[in-house]
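My entries follow in the order in which I looked things up.

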Amino acid sequence: MAIPTYEEIMLPLLTLAQESGSAITIRKSIPIISNNLKLSKDETEQMLNSGKQTVIYNRTFWSAFYLMKAGLLNRVSPGVYQLSDTGKSLLNENPQQINKELLKQYDSFNEFLKTSKTKKLTKVKQAKHAE
């Protein structure tokens, strides 16, 4: 199996947060998610091109980040998340998958996207102005 995308990790991560009943850490969730998705040892140890972190860690982090921006996870502290009431409600609907398209039904996620887009445009304008 190929290493799942950050979107493919969203549902397993949110489900793990529900099953744990308490806060979860990215680092401790990776072996559980990797096992559930039947990733090989090589896949779980594959590094990013930068060599600074594993691909699975990076993708799990981004999954948590986007879930937090949608209000489905609450950030307890850096790298530590807890299922929110909104996340519980979504899981009660038994989604088959969670992806950015689904996250767009949440105002907080749309606000995040809008803010991110504005920041990118500002940086582009500043770079062009500096030339």
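**Entry 1: T60.** I started with the accessibility of T60: its relative accessible area is 0%, so T60 is buried (buried means under 20%, exposed over 50%, partly exposed in between, with a 1.4 Å probe and protein chains only). The model is predicted, so I took local features only at pLDDT of at least 70 and side-chain atom pairs only at pLDDT 80 or more, while totals for chains, interfaces and linings use all residues. Residues are numbered from 1 along each chain as its sequence is written, and side-chain values use heavy atoms, without hydrogens and water.

T60 sits in helix α4, residues 55-69 (helices are DSSP runs of H or I with at least four residues, strands are E runs of at least two, both numbered from the N terminus). I found a polar atom of the T60 side chain 2.7 Å from the backbone oxygen of I56. Beyond its neighbours within four places in sequence, T60 is in contact with I9, L13, I26, S29, I30 and I33 (contact means heavy atoms within 4.5 Å).

**Entry 2: the rest of α4.** I checked the length next. The 15 residues of α4 should span 21 Å at 1.5 Å a residue, and the end C-alpha atoms are 21 Å apart, which agrees (the expected span is 1.5 Å times one less than the number of residues). Buried residues of α4 include I56, N58, S63 and L67. After α4 comes G71, with a positive phi near 85°.

**Entry 3: rings.** I counted 10 aromatic pairs in the structure (ring centres of Phe, Tyr or Trp, the latter by its six-membered ring, lie within 6.5 Å; planes under 30 degrees apart are stacked, over 60 edge-to-face, the rest tilted). F61 and W62 have ring centres 5.3 Å apart and planes at 80°, so they are edge-to-face. F61 and F65 have centres 6.3 Å apart and planes at 20°, so this pair is stacked. F61 and F65 are 4 residues apart in α4, about one turn of the helix. F61 is partly exposed at 30%, and F65 is buried at 18%. Ring pairs join Y6, F61, W62, F65, Y66, F109 and F112 into a cluster.

**Entry 4: hairpin.** Which strands form a hairpin? I noted β2 and β3, with 2 residues between them. G79 in the turn has a positive phi of about 75°. β2 (residues 73-77) and β3 (residues 80-83) pair antiparallel over 4 bridges (pairing needs at least two DSSP bridges). N74 has Q82 of β3 as its bridge partner.

Terms used: A polar contact is a pair of N or O atoms within 3.5 Å; within protein, one must be able to donate a hydrogen and the other to accept it, and residues adjacent in sequence count only if both atoms are side-chain atoms.
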